[in-house]
Structure formats: structure tokens, C-alpha cells
Amino acid sequence: MINTLNNNDVRAKIFYFNDLHSNIKGAKRLKSASDKFDEMVRNQPFDTFKFCAGDSYIGRNKSNFIGIFLNSLNLDGMVFGNHELDMGTKQLSSFLNNNIFKVFTANLNYKTGNNFQDDLDAKRLVKSAIIEKNGNKYGVIGATAADIMDTTSKDTQEDCKDIGFMNFEQSVNAIQKEVNKLKQQGINKIILISHLGIDKDKKLAQTTDGIDVIVGGHSHHEINGVQAGQNYLASKTGEPVLIVQAGQNGDKFGILDVVFDQNGIIKAANNNLNSTKNYNESLIVKYIENIACEKLENLGELVTPLKRMTNDFEEHPLSCFVADAIRKKSGAQIAFHNKGCQKIDLKSGNITNRDIHTALPYINSVAMYKFSEKDVIDALKASLNKPANKPDKIGNMQVSGLTYTIDKDNQLKDVYLIEKDKKIKLDENNPSTEKFFTVAYGSFFAGGPDRLKMLYAPEKRIQKFEWDDYQATIELLREKEEDNKIDIKPDGRIKIEK
């Protein structure tokens, strides 16, 4: 515990969280934890802050549940994560209009006529700002993820054309520029709210000067305590920099207790992660949920739990179910889906549309394409070409209307088209460029993410639908409900040889 302070020392307590991912249950517990923090620090002789390090929103949700929830916390600020931009700048700006806190981001470029102009003019959206607490002045800066366009949907790319994204090196320069501005104004305690990820935060800490604390997100790390060389590093001028981060989905929050000397240099710190599972769900957030979210619909009882992606190569039952829903509603012969779409595990028991929305938050528009046999085989093979020693967000392609096998060497074999219970062999070794199929998939794949660049194929698109993959999934769930039971299990469409 930090008890002894010199006359010129300044003590601050920071409540922080990151990567909530629109998780309603996590939001309910975070609100209770935030309220408890308010009680704990009320009338205490130190400065207090609350920060969110991005990705509270996720997907193309038209509800502003998260915005109302964030306002209820009385935040001092947040940063755009990559998923805030899922919805596009126009809709995000409409949510910012209701903010009672600032959003910080120093590393976005704003083009003429951008949708954020009113937010920039009103200083709801800023690169940096000075926040005063009890007569002590702090500089706060924001840094948005530097890899947003690498793994985003085609919808998002289209709806974010009015802004530009800096790479990491450009971001470092932009952040240092804001630090220098603050230092020129006599500010010597500087906090960066970052959605760059832990590895980039570490590099940033050691290649800049003037930053004292980095409240981070994006990489979903749980960083407890203060560990030299891990989250307690030295800037390029030798001053300490402390990095904190609190996992994801509202499961954890952190409280950083830090003491600055008269020169704004950290001299003592405690950092503790806490589980929100120790807190009751807030009645206030339950009320916000009821007024802001879609009408609650009970879909039935889920028999078999549905877990997130667990292996690079597997048959993922929920993702295959979404592919089935897309194929059925579109009328395509084949449908593709990304198993990395599922953000939380779904337990057995009663399940609602809101549970599905929380588990599958992205909401992709769907289009149908005319693909040759070679196009289909190339996409399947590319999904198996996972880069070594690199975290994977895609895994093997999840399918409907197809079955295939992954052999012991992670190579594709035994690909069959399924039509009216008939299996039609496709040639994975010498696929035809003259044999064609209709293939449907969502806008994430349509953006050509990662190794699936070939799925960005506007010249092969034959129809774009007015509905999205979430709507299709809910419709199929209603159909599959039998005696109030829903059971989604692997059916052997993807075989893995050991």
C-alpha cells in the first residue's frame, strides 16, 4: 500500500478496462465495480481517473447500449479501438454526439468532409488534452490500433473511407508530437490510452520520452502487478513507463495506484487486476439494456455448449451453423464463414437473441459470387496456409454445402459438393476454371482478410442481399428449435486426420 508521500508528490488512482466487445453481462458487472470504486475513492486525498482502452463497441450494431453504458461510468476518456470503427464513421459519430467524455486518438488522419468534423470542432474527439484534478494537471493522449485495415470487413472499409490510418512508425511520431506539445505547456504527468497491443506498447514505451503510464488494450492481456522488464520499462531517456491492461469481455478491471514526484516521474506504484465476477449485475445497466437493445426473444434451450475457436484447424459448430444459415437464405450452393467470429462461449441452457448477438457481434452483410471450382479450392487451401508462429484469427474455412478433409500434413483432400444429399467430388489437385458454383459469404471475407485475399472479388459478385448474417442465423435457429431444444454439434463436414 502506498502511504508515505512527500509534500510535492502527487498520487493518482486509475480505474481501467479494455476490449469489452459489447458484452452485456460484462458491462453490468463493470458498472457495479465502477460504482464501488467511486465509493472507495470518495473524499480521498488523491486524484482519480477512469479510462477505457477501446473495443467497447464491436460490429455493426445499431443500438447505442454501449454508449449509454459508458456515459454511466463517468469516464475521463477512452480511445477508439479497431472495433469501434466496425460500424463506420457516420454511425460512430452519431454515437459520439451523446458522449459526456472525450475520445482520444492521435494517430488517425481526417480527410476533407469527414464524418467526425463536428466531433473534432466540439472537442469530443481530440488527439490529446489536459485534465486537471485537485489542482494537478495531467496530459492524456490516445492511440488507435495501427493494423485496423488488415483484418476488417468490406463494409467497414467502405464506411471508413473518410479517414486514414497511420502505421506503427507514423503513430509513434504522432504520439511523440502530442507529448512534446503537452511538455511545452508544463505538463509532466502524461497518460497514453492505447489500443496498439502489448508488444507495440512496449516498443512505444522504450522509443519515446515523456509518457508515464500506458493504459492498454487490443491484445487482451491480463497484466497484474508491477514487473520490471515486463510492464515496468524505461523510456529512451531512462524514465520509468508503466503499462497496464485488463483482458477482455468485461471479465476483469484494473486499479492502478501511482505516485509521481515533483518532476512527474513515477516513484511508486501498485497495480491490481480484479474479477468482475465478484460483483452483482447493475440494475442501472439492466434498465439500459431493456431500453436500448433489441426486443428480447427466447429462442429455446441450448443443449450442447458452443465454445469459441480452440484449434487452428477444426470443425467449428456455430460457425458452420452460420454458414448453413447464409446458404439457406441466399440460395447459394456453397457458403463460407469465419470461425474467429465467435467472441464468447455459449453455455447450455436458455438462450436468447441477445446471447447470439453478444457471441456473434460483427453483423456482416452478405453477397453471392460466381466462383469457379478453382476459386473454391484456392480459398480452402489458403485457409489452411496458416503462417508459422503467428496468432491466427481465421483458422480453416468453415463451410456449408461442402465437406472436406485436412490430412496429417495440413493439406486439403477429399472435397465434395453436397446437393440434395448427393456428394459430388471436386478436384482439389487440378480444379477446373470452367466449372462454376454460387458461393455466399459475409463482408468480413469480402474484404479479403489476411491470407484470403482472393475473396475480395467484386468482379465476381452477382448479388448483394439486404439482410445480414445475424438475421439469417436467428431465422435458422427459430426453424431448428424442436420441443424448445436447440442442439448444434459437429456433423463431420470437416474431417481432421491425426
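Q: Which residue stands opposite Ile 418 in this predicted model?
A: Ile 418 stands opposite Lys 423, a residue of strand 23.

Q: What makes strand 22 and strand 23 count as paired?
A: Two strands pair if there are at least two bridges between them. Strand 22 (residues 412–419) is joined to strand 23 by 4 bridges, so the two count as paired. They run antiparallel.

Q: Why are strand 23 and strand 27 called edge strands?
A: The open sheet has 4 strands in the order 23-22-21-27, with mixed pairing. Strand 23 (422–425) and strand 27 (494–496) each pair on one side only, and these are the edge strands. On average, neighbouring strands of the sheet are turned by 20° against each other, direction ignored.

Q: Which helix packs on the sheet, and which strands does it touch?
A: Helix 11 (residues 373–384) packs there, touching strand 21 (402–406) and strand 22. The direction of helix 11 makes about 130° with that of strand 22.

Q: What describes the packing of two helices?
A: The description consists of the angle between the axes and the distance between them. For helix 1 (residues 24–41) and helix 2 (residues 65–72), the angle is about 10° and the axes are 10 Å apart.

Q: Why are helix 1 and helix 2 called roughly parallel?
A: Angles under 35 degrees count as roughly parallel. The angle here is about 10°, so helix 1 and helix 2 are roughly parallel to each other. Ile 24, Ala 27, Leu 30 and Lys 31 of helix 1 make the contact with Phe 65, Phe 69 and Ser 72 of helix 2. By type, the residues of this contact are 5 nonpolar, 1 polar and 1 charged.

Q: What percentage of the residues in the chain is buried?
A: Buried residues make up 58% of the 498.

Conventions
Residues numbered from 1 in each chain as written. Predicted model: local features only at pLDDT ≥ 70, side-chain atom pairs only at ≥ 80, totals over all residues. Heavy atoms only, no water. Axes fitted to C-alpha atoms, helices over the stretch in contact; angles between N-to-C directions. Parallel < 35°, antiparallel > 145°, perpendicular 65-115°, else oblique. Contact = heavy atoms within 4.5 Å. Nonpolar A, V, L, I, M, F, W, Y, C, P; charged D, E, K, R; others polar. Buried < 20%, exposed > 50% of the residue type's maximum accessible area, 1.4 Å probe, protein only.
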